Amino acid sequence: MVGLQSLDEDRLGQELTVVWELEVGHTVAPNQGLPETVRAEAFDDPNTLAAFVDAVRWGAVTSADANSYQAPFRSGANVEAYQLVPLSRALQSSRTNLLLADDVGLGKTIEAGLVVQELLLRHRARSVVIVCPPSLSLKWQDEMREKFGLDFVIVNSELMAKVRRSHGLNANPFRLFPRVIVSMAWLPSLRAQRLLRDVLADVRSSGTARRYAFDVLVVDEAHHVAPASPTTAPGQRGYAVDSKRTTATMRLAEACEHRLFLSATPHNGYSESFTALLEMIDGRRFTRGASIDERALKEVMVRWLKTDLPDKGFKTRKLGTLPFTPSEEEQQQFARLERLLADSARANSKGSGGDIVAMLLKKRFLSSPWSFARTLELYEGSDGGDRQLRMDDEDQYYTEVLGSGQSDEEEGAAEHPEFTALRHSKGSDPLVAATSSEIASLIEWGRRYEHKPDSRLEELLTFLAAVCRPDGTHWTKERVVVFTEYAATLEWIERVLRQRGYNDVLEVIQGSTPTEEREKIRARFTESPDKHPVRVLLATDSAGEGIDLQTHCHRLVNFDIPFNPSRLEQRIGRIDRYGQIKNPEIVHFVPVSGSTTYDADMKFMGIIATKVGQATEDLGKVNQVIDAEVQEHFAPTRTTRKARLTAPDDGNEVITRVLAGGMELNRQLTQLSETYDEHKAAMHLTPANARRVVDTALTLTSQPPLVEIGDDRTEAQVFEIPNLGRSWQPALRGLDTRLEPGVPRPITFDDQAAQQRTDLVHIHLGHALMQRATRTLRSALFSTDSPVHRVTAVIAPGLPESCVAAVSRLVLVGRGGLRLHEEVFLTGVRLRGQALAESKVEQVLDETLDSEDLLLADEKVRAHLAEQWNDDGSRLRTRLLTAMERKSASRQEKVTEALTQRRDSDIKRAHEIFDAFRLNLRGSRDRLEQAIRAEEELLFTDDQQKQRRRDLHHMNERLDSLDDEEAREIASIQERYSDIRPYVSAAAVVFALTPEDAKNGMVKA
């Protein structure tokens, strides 16, 4: 039995055990050193050999230097210095546990992709699970492929059917695919949990020290998996209870070594909910319900606010209003609804469900007459169901159905959580004072607007005409996004807009829009207005997360205002994000001065919109205030109701300080920016070198060359890809677009040329085309039948003295074949004299192999150099070999020492983390025990009391197991850096000659 390890980028570190004798065509490639002999006719073209050297250099990744990284150069994104902070944090730690809490629109997806890419490159990870809202699955798949060259499989019913056909009924996608994307709505399902249990069972029964089923977990919009805001008694605070989604994500997180959670709004105002989220991220530092260690929180959280980055050109958002004059009929009907709700509340003595019904119906009325009519009609036709809304449910229903705890479920009709609350309230008859004819009259009034606008929609039509079609005939290049909360309102607006001539320029996204169609709509809306006619995007909040619309749009209209502040901020974040070149203009509707309740309620919602739009730090604090204000304002009994107060939460002070952003900016960002430029230069990563690698790989595999076509928008070289063979087709995925499938876009190797363009593709190191090219060259270079001889002689103008240099590769491998370090180093000697200094060798190679159109020395010179190399009495090869071995031993010693220091540092930091957590956990346990004994049971509902006791039990269990956890953590670190073995191979020999020596044709050693 022989153990093998893959060198393929797509399966880095993957191991395979085979019966060697049974393998067809098995061969062992000898460890390559300097060539014994060279022939004059066998010297390689220096341009070709330089491409092979670059391919080797770009594949070398180290774990010894935490400050050295490659992921940014394998990304098609325009990486900013602040986006390197999570990557820097990840490389400084033995395990990656981060909460990326940047402002909406700052590029958290890019930050996560950089970390994932680097962990894969460093062989610290192979398997990756991404959990995200259903509507973002396709976006994540596209982003990872286009920006990082990483293919992910979306696990859904279609995939399950496919793998069952191909692999049998027991096929498990978590076993079959190393990188998967799953929906957080699907994750708690019985099928998902069964599949995951099977994978976890594999780990437990493997008989090895393996601790994790998956290497990396990424959770996007992570606030959706934290426990929701709890029910609260007046003047008191509740206790957040775990949801099924919370429990499912926690189980998955425990099975993953590295964890990245992404959310611009991670804190809902309750510290036990936040600590539950933090425990999923890093169970070594946090546990649910425990006090928050401020230092630990700063270590796992990365948070940038747009105000922290004044030099990045983020435009200040402008909040505005669209004044409109409500019709007499609209105000009368709203006043009628208000009277019926107030009379019913008095008749019921503010009976159960009254406030919820009042808020829901008013909210629908303020959205649109049509939405209100459809809701009231469905309410009248429904039964109350088995479950009735209890008095102590109202606050919980408000928070979870209407307010800051609102879920991300798609908007619907009878299936909407709001309508479920309405139906549950019906048994208590919260509209007892309304006669059937009065309700029918309200419904009939709303239904009359099915095909006509109300006063607010008329104002929207006026606004859109002024922006998009000011002369009534020709469309401008301006675009507008219009958001509404309800599908019924959206369909009503859509009908009216199409009647008014918007048919060809209107796109619509709602919860029922298929994911693939949603992405096509996004692509059309973000395409240049010169190429696509769409001017208005009408969307519900299902488009409020993860869809980037800023490319050609800076105007957003909130047709209605959701009670959930986070949802409102998510809307704004669609256009107020990285890449926006104009000031985002956010507008909502405000009635002209009036004294009716309709005017007052509309103006109140406008105030809410302004508060959220101006919030710059922690929306968790804003959420609680707005929840109370909205409940007080819209309750039928608001004349006597007092705003709900929230008892202080000591943990929130720590959370607020950290969420406030304001990191050490100037020094940190300057250093990261300088390091980025230094790394790029050290990798010899230039557009010319990148093109040379692809050209050489195409030639080597008998493919036609790239065709230069030019581009009138850039001076950089732009190419068209010719018809390539079948083996190259997977490398071309993503070159076409959803708008033009099957039509590959032109490419460039200049990252600056492709910025802010969708019609030109940058071929970066991580792109599938470049990966295919570098893999081809590396494999060929070190194979037994290599197409190159690994020797060249190049004339280098400006070179002070002729020399010969060896390009060598050093690989340090740890236990289990784990590659800990890989580097390309250079060793050179003068053709006449002693060894060159390392800096001089770097200069020699920089001036030779990085030059374009390298010139091969003529045959006479090559023959003379071959004679010197092959001569038995010559010391040239011996001198170079001795220098190379000495350099190799020196590099091995330095790198091994660095790895040892890294191991010791990781162990020391692990002890510090566990010691701090142990101390904090004991204090938190004692405080929770005292609180449970001291506080009255009535302050919390039964499920909250049970949750508190579960948290206490969990704290005791964690304290009992901490010693074992710490021991396993230390053992894992030690194992990673044990049994280190070096492997050295020579990649190329380069004779670099001065023009004078080349002209004379006689170079003596």
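His123 sits in the loop that connects helix H3 (108-121) and strand S4 (128-132); helices (H or I, at least four residues) and strands (E, at least two) are DSSP runs, numbered from the N terminus. The model is predicted, so local features need pLDDT of at least 70 and side-chain atom pairs count only at pLDDT 80 or more, whereas totals for chains, interfaces and linings use all residues. Residues are numbered from 1 along each chain as its sequence is written, and side-chain values use heavy atoms, with hydrogens and water left out.

The backbone of His123 has a positive phi of about 60°, although His123 is not a glycine. Most residues other than glycine have a negative phi. With a relative accessibility of 13%, His123 counts as buried, where buried means under 20% relative accessible area, exposed over 50%, and partly exposed in between (1.4 Å probe, protein chains only). A positive phi, of about 55°, is also found at Asp853, which is not a glycine either. Asp853 belongs to the loop between helix H27 (838-849) and helix H28 (859-870). At 70% relative accessibility, Asp853 counts as exposed.

Salt bridges, defined by a side-chain nitrogen of Lys or Arg within 4 Å of a carboxyl oxygen of Asp or Glu, number 61 in the structure. One network of salt bridges links Arg95, Asp282, Arg284, Arg285, Arg295, Glu299, Arg909, Glu912 and Glu969. Asp282 is buried at 0% relative accessibility, and Arg285 is buried at 11%.

Arg909 lies in helix H29 (residues 876-934) and Glu299 in helix H10, so the pair ties together parts that are 610 residues apart in sequence. Arg909 is partly exposed at 23% relative accessibility, and Glu299 is partly exposed at 22%.

Strand S14 (residues 555-558) pairs with two strands, S11 and S15; pairing requires that DSSP finds at least two bridges between the strands. Strand S11 (residues 480-483) runs parallel to S14 and is joined to S14 by four bridges. In this pairing, Val480 has Arg555 of S14 as its bridge partner. Four bridges also join S14 to strand S15 (residues 585-591), again in a parallel arrangement. Here the bridge partner of Asn558 is His588 in S15. Along S14, Arg555 and Val557 point one way while Leu556 and Asn558 point the other way, and all are buried.

Patches are made of residues with over 30% relative accessible area and no salt bridge, with like charges joined within 9 Å and nonpolar side chains (Val, Leu, Ile, Met, Phe, Trp, Tyr) within 5 Å. Lys and Arg count as positive and Asp and Glu as negative, while His and the chain ends are not counted. The place of a charge is taken as NZ of Lys, CZ of Arg, CG of Asp or CD of Glu. A patch of positive charge gathers Arg191, Arg194, Arg197 and Arg251. Helix H7 (residues 190-204) supplies the largest share of the positive patch, three residues. Arg251 is located in helix H8 (residues 244-254) and is partly exposed, with a relative accessible area of 47%.

The nonpolar patch consists of Met1, Val19 and Leu22, which together have about 350 Å² of accessible area; such areas come from the Shrake-Rupley method with a 1.4 Å probe, and for residues only the protein chains shown count as cover. Val19 falls in the loop between strand S2 (15-18) and helix H1 (46-58) and is partly exposed, with a relative accessible area of 33%.

Leu159 is placed in helix H5 (residues 157-167) and is buried at 9% relative accessibility. The C-alpha atoms of Leu159 and Pro173 are 8.1 Å apart in space, with the two residues 14 apart in sequence.
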